[in-house]
Amino acid sequence: MSIKVIISLSVLVLSLGACASMTSKPVDKEPNATKTLDIIKIETLAAKQDRVISLLLFIDRFSNDTLDAQRKSFNETNQALLENKSDLTGRIKLAVMLSLPSSRIRDTTKAQNLLQELLQENSLNPTESALTSLFYEYVLDKIKQTQKNKDDLKKLDLNQQKLETLQQKYDALDKKLNDLKNIEKTISGRDSKVTSKPVTKP
């Protein structure tokens with residue numbers, strides 16, 4: 001799965017979340033307390049969606065940043081998390097920076113651990129969870145592909161070693177065969193000399 005697909009799916013999830021939050025209840029029949037509660041819910045949802053939009057914008061910007069700019073973002077996020085370890089947005093950003101294919105500081109193993117921790121804690125809202133899950137699946141696929149490539153490379157090296165061993169055996173046998181042919185020629189040469197030598201009478 002490409003990172004463009006992840007971002008597109010995230011936008012889709014965000015849009016669906018916004019649609020699901022809309023209610024068609026008549027306003028004039030609701031008590032003031034319920035109205036206030038609904039307003040708070042809408043504001044909270046909007047804030048959560050803003051957080052995800054902010055993350056998507058960050059992903060887009062970070063993907064196009066230079067190495068120095070990426071390092072700066074990574075160091076700043078790390079420093080902020082040292083001061084506030086419960087910052088979910090900061091933790092997602094850190095995991096994203098370690099998992100993006102365009103990241104110069106990429107480390108899929110660390111990214112997998114961070115994303116797994118976030119998902120297991122159940123502290124994310126549904127949209128954040130969907131975004132984090134997409135990145136988690138992407139990182140898992142990447143790790144599996146990397147491992148497969150390593151295994152294929154090992155098999156290739158092993159086959160190359162076997163081929164080299166067989167070549168050495170073939171070369172050794174070929175040398176022995178040539179040595180035997182040379183010995184045979186030498187013996188044949190001696191026999192022909194003995195046969196052709198004139199017999200001298202005493």
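Helices here are DSSP runs of H or I with at least four residues, strands are runs of E with at least two, and both are numbered from the N terminus. Before you start clicking, note that this is a predicted model, where local features need pLDDT of at least 70, side-chain atom pairs count only at pLDDT 80 or more, and totals for chains, interfaces and linings use all residues. Residues are numbered from 1 along each chain as its sequence is written, and side-chain values use heavy atoms, with hydrogens and water left out.

**Stop one: the whole chain.** Show the cartoon and you'll find six helices and zero strands, in the order α-α-α-α-α-α along the sequence. Now colour by accessibility: of the 202 residues, 25% are buried, meaning under 20% relative accessible area, while exposed means over 50% and partly exposed is in between (1.4 Å probe, protein chains only). Among contacts (heavy atoms within 4.5 Å) with a separation of 6 or more, 65% join residues 24 or more positions apart.

**Stop two: H3 and H4.** Select residues 67–83 for helix H3 and 88–99 for helix H4; their axes come within 10 Å and cross at roughly 145°. Those axes are lines fitted to C-alpha atoms over the stretch in contact, with angles running from 0 to 180 degrees between N-to-C directions. Now show side chains: Ser 73, Phe 74, Thr 77, Asn 78 and Leu 81 of H3 meet Gly 90, Arg 91, Lys 93, Leu 94, Met 97 and Leu 98 of H4. By class, that contact has five nonpolar, four polar and two charged residues. Nonpolar covers Ala, Val, Leu, Ile, Met, Phe, Trp, Tyr, Cys and Pro, charged covers Asp, Glu, Lys and Arg, and the others, Gly among them, are polar.

**Stop four: Leu 67.** Go back to H3 and pick Leu 67, which is partly exposed at 31% relative accessible area.

Asn 113 is in helix H5 and partly exposed, with a relative accessible area of 39%. Its C-alpha is 8.5 Å from that of Ala 95, 18 residues away along the chain. Then step to Asn 122, in the loop between H5 (108–121) and H6 (126–196). Is Asn 122 buried or exposed? Asn 122 is exposed, at 68% relative accessibility. Check its backbone too: phi of Asn 122 is near 60°, a positive value in a residue other than glycine. Most residues other than glycine have a negative phi.
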